[in-house]
Amino acid sequence: MFLNKTLFAHYCRSHFKSDFQKLREIVFENGSNEFTEAFDKVMLSNRLSPYNMFIMSWDDFDGYCSWLFDVLFKLETRIDISKYDRYQKRIFGFMAERLLSVYMQAKGKKRIYYPVIQFVDGKDVKNRSLPGQIFSTLNKKLMFMFNSKPKEYPNL
């Protein structure tokens, strides 16, 4: 999925900047150049691999999970989510969506993207009429614009 802004700016717009900065600190503390370079490259790109869905070999999966959960467990100790709303409490899933691309970039893994079917109200979005799709998309964007507070965009 291509965004109209960088992954970094997109995250800061939808979530908390300070959480993202802590994530970056942890990746950099782990000290591997391949991951620190990949992190900044991915976060300054506009390609997101959403939904935490992938197919990979067991060895790649094991390596990814070892790295990912090491980062996320460290992050969990540095962030207090007790006052976050239900949506923001999904922080670790949102971060994992971005970290998948970091891992793939750092390891030089090729990615192939396949379409994903999304269901809204029990109906496949692709089977909606064009006006229905446009209305649904516009409605979601308007709700997002008016229900979320813009976050600051820090310098990397």
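The structure is a predicted model, in which local features need pLDDT of at least 70 and side-chain atom pairs count only at pLDDT 80 or more, while totals for chains, interfaces and linings use all residues. Residues are numbered from 1 along each chain as its sequence is written, and side-chain values use heavy atoms, with hydrogens and water left out.

The protein contains six helices and two strands; helices (H or I, at least four residues) and strands (E, at least two) are DSSP runs, numbered from the N terminus. Read from the N terminus, the order of the elements is α-α-α-α-α-β-β-α. Of the 156 residues, 34% count as buried, where buried means under 20% relative accessible area, exposed over 50%, and partly exposed in between (1.4 Å probe, protein chains only). Among contacts with a separation of 6 or more, 75% are made by residues 24 or more positions apart; a contact requires heavy atoms within 4.5 Å.

Helix α4 comprises 19 residues (residues 58-76). The buried residues of α4 are Tyr-64, Cys-65, Trp-67, Leu-68, Val-71, Leu-72 and Leu-75. The elements that cover these buried residues include α2 (17-29), α3 (33-43) and α5 (91-106). Cys-65 counts as buried because its relative accessible area is 18%. Cys-12 is likewise buried, at 0% relative accessibility. A search of the whole structure finds zero disulfides, a disulfide being a pair of cysteine sulfur atoms within 2.5 Å.

Two packed helices are described by the angle between their axes and the distance between the axes. Here, axes are lines fitted to C-alpha atoms, for helices over the stretch in contact, and angles run from 0 to 180 degrees between N-to-C directions. The axes of α2 and α5 come within 12 Å and cross at roughly 50°. This angle makes α2 oblique to α5, since angles under 35 degrees count as roughly parallel, over 145 as roughly antiparallel, 65 to 115 as roughly perpendicular and the rest as oblique. The crossing of α2 and α5 is right-handed; a crossing is right-handed if the near helix is turned clockwise from the far one by less than a right angle, and left-handed if anticlockwise. At this contact, Asp-19, Phe-20, Leu-23 and Val-27 of α2 meet Ile-91, Met-95 and Leu-99 of α5.

Helix α3 also packs against α5, at an angle of about 125° and with the axes 8 Å apart. The arrangement of α3 relative to α5 is therefore oblique, and α3 passes α5 in a right-handed crossing. In this pair, residues of α3 including Phe-35, Ala-38, Phe-39 and Val-42 meet residues of α5 including Leu-99, Val-102 and Tyr-103.

Ser-18 lies in helix α2 and is partly exposed, at 37% relative accessibility. The C-alpha atom of Ser-18 is separated by 9.1 Å from that of Ile-79, 61 residues apart along the chain.

The loop between α3 and α4 holds Tyr-51 and Asn-52. Although it is not a glycine, Tyr-51 has a positive phi of about 80°. Asn-52, not a glycine, has a positive phi of about 55°. Tyr-51 counts as partly exposed at 34% relative accessibility, and Asn-52 is partly exposed at 34%.

How values were computed: Expected span 1.5 Å × (residues − 1).
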